[in-house]
Amino acid sequence: MSDILEIIVRTIVAVALVVTLTRIFGLRSFSKMSGFDFAVTVAIGSVLAATAMSPGTPFWHGGLTLVTLFVVQTAIAHARSRIKGVVDATDNDPLLIMRDGVILHDNLRGAGMTEGDLIGKLREANALDFSKVRAVVFEPTGDVSVLHGDTCDDRLLKGVRDA
């Protein structure tokens, strides 16, 4: 019973620490704006679970790891906005999967997607007509963006690889 109580207490304290760190470092900590942000978010969840479930490991190890992840994520976020090469070093470029109703099959394969995956994403985006799909972009975070309508401003595709 003492193990169960310790896991409960460790979980409550670890979650409280993550909430506190999020208040200190801001919601950007979980924004998933870049692939790096996504990786840190997954790492925070993993450390949170390991900290809660590892009574044999000192709690402060997990706490220190969480603080370090938040600090590193914030430092990289600041560097991304101030130092040109950091974005190139930390992020993948978004990839064009479909343009003006035409599926770019090589890019689709390069993203590890199937045509069925693409069709599912089109449905999620309420795309009703292939000819109205201006662009589908596989984002660095793993999300898929669907731009559909009569026109598409090319500025929305700035930085998107098409091959």
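Predicted model: local features only at pLDDT ≥ 70, side-chain atom pairs only at ≥ 80, totals over all residues.
## Helix H1 and its partners

Helix H1 covers residues 2-25, which is 24 residues. From its first C-alpha to its last, H1 reaches 34 Å, close to the 34 Å expected at 1.5 Å a residue. Gly-26 follows H1 and has a positive phi, near 95°.

## The nonpolar cores

The largest nonpolar core has 14 residues, of which Ile-97, Met-98, Met-113, Leu-118, Leu-122 and Val-136 touch the most other members. Two or more residues of this core come from each of strand S1 (95-99), helix H6 (115-124), strand S3 (133-138) and strand S4 (144-148). The most are given by S1, with 3 residues.

Leaving aside residues up to four places away in sequence, Met-98 touches Ile-103, Leu-104, Leu-118, Leu-122, Phe-130, Val-133, Arg-134, Ala-135 and Val-136. Another core, of 9 residues, lies apart from the largest one; Val-18, Leu-21, Ile-44 and Leu-66 are among its members.

## Positive phi in two loops

Most residues other than glycine have a negative phi. Asp-100, which is not a glycine, has a positive phi near 50°. Asp-100 is placed in the loop between S1 and strand S2 (102-103), and it counts as partly exposed because its relative accessibility is 43%.

Asn-126, also not a glycine, has a positive phi of about 60°. Asn-126 lies in the loop between H6 and S3. With a relative accessible area of 58%, Asn-126 is exposed.

Notes:
Residues numbered from 1 in each chain as written. Heavy atoms only, no water. Core = buried A, V, L, I, M, F, W, Y, C linked by side-chain atoms within 4.5 Å. Buried < 20%, exposed > 50% of the residue type's maximum accessible area, 1.4 Å probe, protein only. Helix = DSSP H or I, 4+ residues; strand = E, 2+ residues; numbered from the N terminus. Contact = heavy atoms within 4.5 Å. Expected span 1.5 Å × (residues − 1).
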